[in-house]
Amino acid sequence: MNKIEELFYKSEKPSRYIGGEYNSYMKDVKEDTIRFAFAFPDVYEVGMSHLGLHILYNLLNEKENIYCERVFSPWIDFEKQMVDENIELFTIETQTPLKKMDIIGFTLQYELSYTNVLNMLKLSNIPLLSIDRDESFPIVIAGGSCSYNPEPLSAFIDLFVIGEAEEVILELIELYEKVDRDKEQFLKEAVLIQGIYVPKFYDVTYSEDGRINSFKKNYDSAPDTIGKRIIEDFDNVYYPSKMIIPYMEVVHNRVIVEIFRGCTAGCRFCQAGMVYRPVREKSIETIKSSASDLLKSSGYDEVSLSSLSTLDYSNIETLIPSMISDYEEGKTGISLPSLRLNSYSVDVLKEVQKVRKTGLTFAPEAGTQRLRDVINKGVTEEDLYTTMQSIFTLGWDRVKLYFMIGLPTETVEDIEAISNIAYKVKDIYNKNSSRNRLNLTVSASCFVPKPMTPFQWEKQDSIEELRNKENLLKSRLKGKAFNFIYHDPDTSYLEGVFSRGDRRLSQVLLKAVERGNKFDGWHEIFSFNAWMTAFEEVGINPDEYLRKRDYDEILPWDHIQAGVTKEYLINENEKAKNGMTTRDCRKGCTVCGVNTSHLGGVC
Amino acid sequence: MPILRIKAQKSGRLRFLSHLETQNMLERSMKRADVPLKYSNGFNPHPNISFAAPLPVGSLSEYEIIDIDVIDEFEINQLLKDQIDFFPKDFYLMEGYFIENDDSLMSQVAAGDYLIKINENMDGNLIKESIDNFLSKDEVLILKRTKKGKRKEVDIRSQVKVLKYLDEEKLIFMKLDAGSVSNLKPLVLMDQIIKIPHEKMDVIRTKLYKEKEGLLIELF
């Protein structure tokens, strides 16, 4: 029993750290093995439900010369034990300290995990700032959706991958071998690869009011702007035939099959909808063969068909019945995340329910038609009510409705309309169901303007404004049928600051980590006051980051190109102000620019 | 419907799995191996898998007895032969056979054998003395938490059937009450004998017994 294993006895959930799960890789490390740590800056069970982890883990490990191991943020009980016993953060597979890796790759899924990124380096005794890490330390890279604004982390991360990683990650490792693991040379040549951003090759200056004055490269070969990477032939992209099966109970015990990437709806608040364009689908054969492999190699009996809007899959009317007829015998369930409301969704639900009745979630996002037009959420109240009527008649009792508060142009009427919808849904239930067991969850999350969206210039509501809106809803949604859940505006505030943050925030992050901030997305650990002290110590007023931006100012992420043009985003923002909608681009191109920048003409 | 009864070994880091995690691991492994599991009826159908006695987190076992409801009998030897493809490497199926209806395993368990290996330099004589001291007592009362969270005084001396130090192997052997009527966990007993941090000991379950006409008979 080694020292690390002795610690497992004292951990509240040792199965987070023991490794050796079915389908995980145990490889021999040889002289020429490239050691890559896939670092997820949150606790094990969160990281293990992330699809990207399973894709890249298997992709890398199928290469003989690469060993990809996982590392997660230790939960606070275990972190304390590690620190007390002087044990550095280690990989799950071989319990090797991170310091011994060649490359550490962080995935950035939400801004509130940034302190965990730094804390993981700290627990590894790796200097936090890129500039303090010499050749003896691993190269620290990062990717994931937050990389579309990499600036707040640019002092800590040597290299960012912008966009989809399945191809470029292998190109990077090939380069790393080619330059004989020479870090400087590696970074210099990496910028020649599409989708690679090396922050130290660029300098930023600020004017006195905190706006960006200039953004210039200091290394000639570095590109002026960094275009994202996308997979063009998505039907043939690498997809794993197995997934690691955690011992620990995770949120969902199911395999995931990604059926397409991108979304055509054009919701104006949605970063994913903008940055994952264009839509690229997999064929039914590919999907079914993935599902069959994954179910066989997992022992799970549920498969989730994943995408940003699953029922928008072109051949959904063939896919679902065909999968259901394949699996009913073996009691396999199909789950459909991200449902959009339309008549077809009800037909599909009727089919799926034959196997297993899952909870249903719908996202009208806003209370009034006016505001839904502003955000371009193509859903009408009519759609919602017809759908509700059908599902209650079919016997569902549990429904979740997702809304956002703090949206641009929002008024008190828009908030009140959310509770009106809830009451109307309750009426529909009472008329259409013989039972009396309605469980209606109304969830209100706080809108945070995201880079690369039409709302990237908009002001974010203050904590007080958001709290007032929540209180208004809380007072109106009483009764045992309703379950009102809402987000803490304090965390949305911090998310907003980092979401549209710039390089100056690196100093704040350093201070915050010094003060022990971590797991900021976890309500029971998040400390708003410690954060505010950190801002104060650095002399930065965080409110500034929530302000309205001008169209002509340089935004911190302007050098990153997601393919959608700035003109399109401005045009969409103007249309929002006038309550004008934009059609789903499956019904005709809306000229966002992604086709000319990335695919040479057609989506 | 037949029941598959198996004996299995749990070793290595799998010792850190909870009872529920072990159950889930076994269910998934069985499904991967295409064992024809029988599902329960009802709203949320699930396979029926029951362990004779839950193993405390941190303990190893050479004697996990498990009943699994199946639809049909099948070639068990094939499963034993191919298991490495479907099970995590530290869970090893040793033997199996089919039975028809039987009382639930859990209700049959009466006693268990355990070996304790101490991974720290320790004077064997000191351990022996401590054991003798414990055995010389008529009664050793400790406070135990009941399932409802209350505290209850229990005499653990009467739950110990055999307790001895094996000089040559440097192991402690114990035969203790187990099951739903009277149950004593090995480390609870160890704490009363001599103070050693739990992470410095390996606990290995080596057998389980049922009682028949006053005699202990191996469960499997």
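These entries go through chain A and then chain B.

**Entry 1, chain A.** I kept in mind that this is a predicted model. I looked up the division of chain A and found domain 1 (3-227) and domain 2 (252-487 + 563-587). Their C-alpha centres are 32 Å apart. For the contact, I noted 11 residues from domain 1 of chain A and 11 residues from domain 2 of chain A.

**Entry 2, the chain A interface.** I got a buried area of about 970 Å² between the two domains of chain A, with 48% from carbon and sulfur atoms. On the domain 1 side, Leu51(A), Tyr148(A) and Glu164(A) lose the most area, together 56% of what that side buries. Glu164(A) turned up again in a salt bridge with Arg280(A), where the closest N and O atoms are 2.8 Å apart.

Next I checked chain B, which splits into domain 1 (3-102) and domain 2 (108-218). Here the C-alpha centres are separated by 26 Å. I noted 15 residues of domain 1 of chain B in contact with 11 residues of domain 2 of chain B.

Leu60(B), Glu62(B) and Tyr63(B) supply 47% of the area buried by domain 1 of chain B, more than any other three residues. I also found 2 salt bridges across the interface. Arg205(B) and Glu64(B) form a salt bridge at 2.6 Å, N to O. Strand S3 (residues 60-69) of chain B gives the largest share of the domain 1 side, 6 residues.

Key:
Residues are numbered from 1 along each chain as its sequence is written. Chains are lettered from A and ligands numbered from 1 in the order in which they are written. This is a predicted model: local features need pLDDT of at least 70, side-chain atom pairs count only at pLDDT 80 or more; totals for chains, interfaces and linings use all residues. Side-chain values use heavy atoms; hydrogens and water are left out. Domain bounds come from an automatic or database domain assignment. Contact means heavy atoms within 4.5 Å. Buried area is the accessible area (1.4 Å probe) that two parts lose on being put together, summed over both. A salt bridge is a side-chain nitrogen of Lys or Arg within 4 Å of a carboxyl oxygen of Asp or Glu. Helices (H or I, at least four residues) and strands (E, at least two) are DSSP runs, numbered from the N terminus.
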